[in-house]
Amino acid sequence: MSAYRVLVGCKRVIDYAVKIRVKPDKLGVVTDGVKHSMNPFDEIAIEEAIRLKEKKLASEVVAFSCGPTASQETLRTAMAMGADRAIHVEIDGKEAETLQPIHVAKLLSKVAQEEKIDIIMLGKQAIDDDCNQTAQMTASLLNWPQATFASKIENDNGSFKVTREIDGGLETIKVKLPAVISADLRLNEPRYATLPNIMKAKKKPLAKKKPSDYGVEVKAHQQVLKVEDPPVRQAGQKLETVEDLVVKLKDGGFV
Amino acid sequence: MASLGRPCSWAKCMLRRQRALSLRNIRQIFSGSCIDASDGLSDEQKHIQQMARDFAKNEMAPFMKDWDQEEHFPRDVMKKAGELGFGAVYCQEAYGGTGLTRLDASVIFEALSTGCVSTTAYISIHNMCAWMIDEFGSETLKETWIPQLATMDMCASYCLTEPGSGSDAASLITSAKKDGDNYVLNGEKVFISGAGVTDVYLVMCRTGTEGAKGISCILVEKDTPGLSFGKKEKKVGWNSHPIRAVIFEDCKVPIANRIGGEGDGFTIAMRGLNGGRINVASCSLGGAHASMEQVRDYFKVRKQFGQTLENYQYLQFKFADMAAGLIASRLMVRNAAIALQNKAPNAVPLCSMAKLFATDECFKICNQALQMFGGYGYLKEYPVQQYFRDSRVHSILEGTNEMMRLLVSRDLLKDR
């Protein structure tokens, strides 16, 4: 049984605890001066990859991120957790704002081919756009099997037995490798990076690339028309009888 | 207090909500603000700080109230901290230390203190002891102790103060007389953090004549015959680690356990304290910052006279004053840490001044935060009073703030 090479995708997103504010021009949310961190599902993906390495199932864990220069911080976090090296595909300014999962999937598939990757581990979705598309698109582009919403991964002689969280409960499937796996919340609990590992991370190799290095175009094909706050919650009304309720529902056009 | 009485249903609701606000959601609501603690730090330091804050939020903050009220010494959490490298932050990597700088250590203790000031203060004392061994101890002592202290598998205590010698530390009388291959220790130390539960005691004792030059530093292991402890003291704060007297009655300790040379003890103790002062000031910073986070959440929730408190100019202005005091303290502490790291000639008065200013200022911030919470600030359900009580002692130990003034004025008035 040979050891696998694992590619893990990480995205730098606005921190989950931040109160999101819409920009005055209503075309996006405020990101300047706002705390960012690694997408929580990606942290879970990195943790799983590191555990594979610790079980000697993986020989190398490569962290990948595409976005502005600040994405390198996220990659250093990945390396501090235990990834061996990182690849940053620099995408700046306007192009970063309009980047879509299809672009990321194209880049991931090219990188996977170039780096001879056996397992692509991704977070199931990013907490900023909630797309939940990148893993599926990447698998399709590579024509690899996919195991999404993974909550448990077990080795099975050249394949993986993956338990998936689905609407009806849990589903266990067998995927032959190479494959794309997307991590769900209960897959693991990510470790704290130790101080020595944080110090070592800055010496680990971080390759800086451009989309053109992989022959991928990241032209925008969507335009955001408007971003607005969800409607302010209205006060409810206490009614005396069921008849009153039915009248109100009819008046409101709900019935 | 008469008007408070038993909490009415509204107050219970407020309490539940506040608890939800304060204990689980210590999110970094000040990131990007004027008091963001990551300002001016390198990327690596920001990572370290983030990790320490996460650890504080997840492993310490949810338990700090219980640790305080039950007077529990959370060894398991300290071991987790040790595994991450928090046990010997500024000791050399050669013997298992983490090899970081004094500034890194300040950032770490400030971050951890947001989770529990008392526990972090003990961890910082432990770090000070590990450093003293690392800097002055023999190869054997370093090889034996640093690895275990770094992981916090073993814990250390710093023993200087005696019933008769506090600020006048050099007048200590605990004696260590040579007897073959051993020193025989007799005397009593008082107010020792961790005494009775720690594994190793760094004891400043008299091997020579009177004054500073007659003092040596000796490492005493727990369970050494002749080593005993006084009762656990009941304190206003710092309740997550015990404080007891440490008693030596013909306690035999191998000469090989002496750290540094005979007569070096006072210097070792004082040099340890320079770092200790930055550490304790950093703990004050963390407590003050956490108190301000509590206040900000409270201002947005608590209403009186038809408005939330954040609308009252007096409170806004007072809050701004607190912020200014916090930043001034933080800058002074970090500046002193850098000076100490670089062995600047004025490092000692800088560390003293930083400790003096930051501990007083941050206590004022915690006190003001408690006031802003009104009656709720006085209840142990709310963490502000714990930050307040825990940081009160920082103006007293590791050298009273009065002694800090002595060190600073001495430097100012030196003939130059």
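**Close-up views of a predicted two-chain model**

Figure 1. Cys34(B) is in no disulfide, and the nearest cysteine sulfur, that of Cys362(B), lies 15 Å away. Cys34(B) counts as exposed because its relative accessibility is 63%; exposed means over 50% relative accessible area, buried under 20% and partly exposed in between (1.4 Å probe, protein chains only). Cys205(B) likewise is in no disulfide, with the nearest cysteine sulfur, that of Cys217(B), 7.6 Å away. Cys205(B) has a relative accessible area of 0% and is therefore buried.

The model shown here and below is predicted: local features need pLDDT of at least 70, side-chain atom pairs count only at pLDDT 80 or more, and totals for chains, interfaces and linings use all residues. Residues are numbered from 1 along each chain as its sequence is written, chains are lettered from A and ligands numbered from 1 in the order in which they are written, and side-chain values use heavy atoms, with hydrogens and water left out.

**Figure 2. The largest nonpolar core and the surroundings of Tyr158(B)****.** A nonpolar core is a set of buried Ala, Val, Leu, Ile, Met, Phe, Trp, Tyr and Cys residues joined through side-chain atoms within 4.5 Å. The largest such core has 110 residues, and Phe160(A), Phe86(B) and Tyr158(B) have the most contacts inside it. The element that gives the most to this core is helix α6 (residues 117-136) of chain B, with 11 residues. Helices (H or I, at least four residues) and strands (E, at least two) are DSSP runs, numbered from the N terminus. With neighbours within four places in sequence left aside, Tyr158(B) is in contact (heavy atoms within 4.5 Å) with Ile125(B), Met128(B), Cys129(B), Met132(B), Ile192(B), Leu202(B), Met204(B), Ala269(B) and Leu273(B). Another core, of 38 residues, lies apart from the largest one; among its members are Ile35(B), Phe299(B), Tyr382(B) and Val384(B).

Figure 3. Chain A contains 7 helices and 11 strands, and its C-alpha trace spans about 70 × 40 × 40 Å along its principal axes. Of the 255 residues in chain A, 44% are buried. Among contacts in chain A with a separation of 6 or more, 71% are between residues 24 or more positions apart. Chain A exposes about 14000 Å², of which carbon and sulfur atoms supply 51%; accessible areas come from the Shrake-Rupley method with a 1.4 Å probe, and for residues only the protein chains shown count as cover.

**Figure 4. The loop between β2 and β3 of chain A****.** Lys26(A) is placed in the loop between β2 (12-14) and β3 (36-38). The phi angle of Lys26(A) is near 55°, a positive value in a residue other than glycine. Lys26(A) counts as partly exposed, at 42% relative accessibility. Leu27(A) has its place in the loop between β2 and β3 and is partly exposed, with a relative accessible area of 44%. The C-alpha atoms of Leu27(A) and Leu225(A) are 6.6 Å apart, although the two residues are separated by 198 residues along the chain. Not counting residues up to four places away in sequence, Leu27(A) touches Val224(A), Leu225(A) and Val227(A).

**Figure 5. A cis peptide bond at Pro178(A)****.** The peptide bond from Leu177(A) to Pro178(A) is cis, and its omega is near 5°. Pro178(A) sits in the loop between β9 (169-176) and β10 (179-183) of chain A.

**Figure 6. Loop residues Asp129(A) and Lys203(A)****.** Asp129(A) belongs to the loop between β6 (119-123) and α5 (134-142) of chain A and is partly exposed, with a relative accessible area of 33%. A distance of 9.4 Å separates the C-alpha atoms of Asp129(A) and Val13(A), which are 116 residues apart along the chain. Lys203(A) is found in the loop between α6 (195-201) and β11 (206-209) of chain A; at 69% relative accessibility, Lys203(A) counts as exposed. The C-alpha atoms of Lys203(A) and Arg85(A), 118 residues apart along the chain, are separated by 9.5 Å.

**Figure 7. Positive phi at Lys343(B)****.** Lys343(B) lies in the loop between α9 (313-341) and α10 (347-372) of chain B. The phi of Lys343(B) is near 55°, a positive value in a residue other than glycine. Lys343(B) counts as exposed because its relative accessibility is 65%.

Terms used
A disulfide is a pair of cysteine sulfur atoms within 2.5 Å.
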